[in-house]
Amino acid sequence: CRIMAGKVKWVTDIEKSVLINNFEKRGWIQVAENEDWNFYWMSVQTIRNVFSVETGYRLSDDQIVNHFPNHYELTRKDLMVKNIKRYRKELEKEGSPLAEKDENGKYIYLDFVPVTFMLPADYNLFVEEFRKNPSSTWIMKPCGKAQGKGIFLINKLSQIKKWSRDSKTSSFVSQSSKEAYVISLYINNPLLIGGKKFDLRLYVLVSTYRPLRCYMYKLGFCRFCTVKYTPSTSELDNMFVHLTNVAIQKHGDDYNHIHGGKWTVSNLRLYLESTRGKEVTNKLFDEIHWIIVQSLKAVAPVMNNDKHCFECYGYDIIIDDKLKPWLIEVNASPSLTSSTANDRILKYNLINDTLNIAVPNGEIPDCKWNKSPPKEVLGNYEVLYDEEMAQSDGHDRELRSRSGQSTGVKGNRARDSGKPVLTTWK
């Protein structure tokens, strides 16, 4: 790099080799000769340093990086929930029909994140909610960690003594050394396949937040647990039952190194179409796309939309047995390490297609470029939402899409007219 060569941090040798192969193919770098290059693939910590007020750099027009300066507004578990809650309240205040609630006070169209509290800040609110349904199970996660580290399940208040009250002062005990946690209502009725719990890892590329333009990668996958699911309280400590993270599951006795406990999204579609029907399957994926777009809209106002930036997020979605999708978290640095041969192919293509959109035709990067690449360079990406296009329509059909008046996933047919109807959030 011109300025930051010493600051680039590769997570693994595999990621480094895949990225370098892609960079060299475009003639951007010559690693052996240590030439200057303009495209930076950086860790989130390096990005912080680059855009730091005290130690930051001024990037030139031919320098682009792979994270937004404050990406953590979406990728930190606590901030994601906070921003989504704020987004709902703002829509409610504006009188938007998207913020409509049912008779029980639940959002009809924006209920896609499990009930969540921040600890220690929201401890009292959590206790109040817990006591409404004392038999419920909750999952605790440290806000700033990944790969399943530090996660555990509880179904009794006594199990979180680290975050318990001080009996003398009735005030919340908060040690400065304690890391902030989120505690969420556990989805204890997940959709099971072969008796096992799974989640979806989906890749979403954002080229700009204002106006919002994002792309969905068609080659996502399901991550399966190695042990059959049971809601039994005796198995709350068995992470091979509850957590789908490959970083955890690969240590299980039943982990299969050939398929890695993964299914492609297309296989999941086929399975659901054959067992639940095509219509409900299309509706499910429409709702998943809706969740992704609304989560991005929620953070767009607070995101530092630097023109030198783009970002590929890893979305984790869980589907319950009623085929309702839930947003669990969004990853700023989804793993590019391959656990199987198919995995390596998928992630190589993911990087390749991402770079083709960020810098079409392998040309010298230009941050002033309008970031609307031609369709032929999208590869396995498809446009998920283009705010400029939606606004130029001049018709707000979002509510109709949500309430079923149009089915909304690219060309699905509206029941009344038989003609394909696209949702405006597309």
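In the predicted model, the axes of helices H4 and H9 come within 8 Å and cross at roughly 90°, where axes are lines fitted to C-alpha atoms, for helices over the stretch in contact, and angles run from 0 to 180 degrees between N-to-C directions. H4 is therefore roughly perpendicular to H9, the classes being roughly parallel for angles under 35 degrees, roughly antiparallel over 145, roughly perpendicular from 65 to 115 and oblique for the rest. H4 contributes Asn83, Ile84, Arg86 and Tyr87 to the contact, and H9 contributes Gln294, Ser295, Lys297, Ala298 and Val299; contact means heavy atoms within 4.5 Å. By class, four nonpolar, three polar and two charged residues take part in the contact of H4 with H9. Here Ala, Val, Leu, Ile, Met, Phe, Trp, Tyr, Cys and Pro count as nonpolar, Asp, Glu, Lys and Arg as charged, and the others, Gly among them, as polar.

The model is a predicted one, in which local features need pLDDT of at least 70 and side-chain atom pairs count only at pLDDT 80 or more, whereas totals for chains, interfaces and linings use all residues. Residues are numbered from 1 along each chain as its sequence is written, and side-chain values use heavy atoms, with hydrogens and water left out.

The protein contains twelve helices and 14 strands; helices (H or I, at least four residues) and strands (E, at least two) are DSSP runs, numbered from the N terminus. Of its 426 residues, 52% count as buried, with buried meaning under 20% relative accessible area, exposed over 50% and partly exposed in between (1.4 Å probe, protein chains only). Among contacts with a separation of 6 or more, 69% involve residues 24 or more positions apart.

Helix H9 (residues 278-299) also meets helix H8 (residues 265-275), the two axes coming within 8 Å and crossing at roughly 140°. H8 and H9 are therefore oblique to each other. On the H8 side the contact is made by Val265, Leu268, Arg269, Leu272 and Glu273, and on the H9 side by Lys278, Thr281, Asn282, Leu284 and Phe285. Five nonpolar, two polar and three charged residues make up the contact of H8 with H9.

E3 is joined to strand E6 (residues 181-185) by four bridges, and the two run antiparallel. Thr116 has Ser184 as its bridge partner in E6.

A hairpin is formed by E12 and E13, with five residues between them, and Leu323 in the turn has a positive phi of about 60°. Six bridges join strand E12 (residues 311-319) to E13, and these strands run antiparallel. Ile319 stands opposite Pro325 in E13. Strand E13 (residues 325-331) is mostly covered, six of its seven residues being buried.

Individual residues were also examined. Ile47, in helix H2 (residues 44-50), is buried, with a relative accessible area of 0%. Apart from neighbours within four places in sequence, Ile47 is in contact with Met42, Val65, His67, Phe68 and Pro69. Lys262 is found in strand E11 (residues 262-264) and is buried, with a relative accessible area of 16%. The side chain of Lys262 makes a polar contact with the side chain of Asp343 (2.7 Å). A polar contact is a pair of N or O atoms within 3.5 Å; within protein, one must be able to donate a hydrogen and the other to accept it, and residues adjacent in sequence count only if both atoms are side-chain atoms.

Ser339, located in the loop between E13 and H10, is partly exposed, with a relative accessible area of 27%. Ser339 and Lys262 are 77 residues apart in sequence, and their C-alpha atoms are 9.8 Å apart in space. Lys375 lies in the loop between helix H10 (341-358) and strand E14 (381-386) and counts as exposed at 71% relative accessibility.

Definitions and conventions
Two strands pair if DSSP finds at least two bridges between them.
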